[in-house]
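Dear colleague,

Please find below the structure for your files. My notes on it follow directly after.

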Amino acid sequence: MHDFGHSFLCVWPQKIDESKPVLKDRRRLFHKTFGLPLTRPYFRRKNVLPEADGQVLMNTHLGLKSSPHQHLVQGTYGYYHYMQQNYNDSGWGCAYRSFQTIFSWFRYQGYTEKPIPSHYDIQEALVSMGDKPRAFLGSTQWIGSTEVSLCLEKFLNITSRIMFVQSGKDLGDKGAELAMHFESQGTPIMIGGGVLAHTIIGVDYNNIVRPQRERVLIPV
């Protein structure tokens, strides 16, 4: 729990749905007791501390040199990259992996209990929305920020924003917006250009000292 800073033990009956009023009232009481916002889940079953996964590294930014001007992803995420799950996507799967990393954030923060979508799941969703032809299924065709945005809406009912820059060097002009995103939303950010995609998990920014620096996950 990023905002809470402590582990918290609460026991929920297995056969009672989390949407039941009795559990919603109890979670609301916990939020009030600990001064936590009601806009983000903290005490749902999916907020349980994640178990170690031999294939997926968790929160890879922890332990890196810090800065007084850094603005970082909030909460827990898994680092997804090429060749995981014994799946060969080297050279074309970077945006798929970025989407999986972002999806894992929503899963670990308790927004969804859905499993991490596979490459085929992502392709199937894009075909079902009419964005891609049937021949796209099972292919090694890359996707970009538009497809990632569509899949976030399809799988999680989340509306996202696409920010355009002419080149990588122009990203420095977006430092204030990136910093505000990490402070207010806290999710990882997919960044793509051409056939490449990475995941931004933080930015070192202030409006006096330049240059700006980003913390980036590279899916290799």
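Asn59 is buried, at a relative accessible area of 12% (buried means under 20%, exposed over 50% and partly exposed in between, with a 1.4 Å probe and protein chains only). Its place is the loop between strand E1 (57-58) and strand E2 (70-72), where helices (H or I, at least four residues) and strands (E, at least two) are DSSP runs numbered from the N terminus. Phi of Asn59 is positive, near 45°, in a residue other than glycine.

Please note that this is a predicted model, in which local features need pLDDT of at least 70 and side-chain atom pairs count only at pLDDT 80 or more, while totals for chains, interfaces and linings use all residues. Residues are numbered from 1 along each chain as its sequence is written, and side-chain values use heavy atoms, with hydrogens and water left out.

Asn157 also has a positive phi, of about 60°, although it is not a glycine. Asn157 is exposed, at 67% relative accessibility, and sits in the loop between helix H4 (145-156) and helix H5 (175-184).

As to the cysteines, the structure contains zero disulfides (pairs of cysteine sulfur atoms within 2.5 Å). The closest cysteine sulfur to that of Cys94 belongs to Cys151 and is 14 Å away, too far for a bond. Cys94 is buried at 4% relative accessibility, and Cys151 is buried at 0%.

Finally, Val195 is partly exposed, with a relative accessible area of 44%, and lies in the loop between strand E4 (189-193) and strand E5 (196-204).

With kind regards
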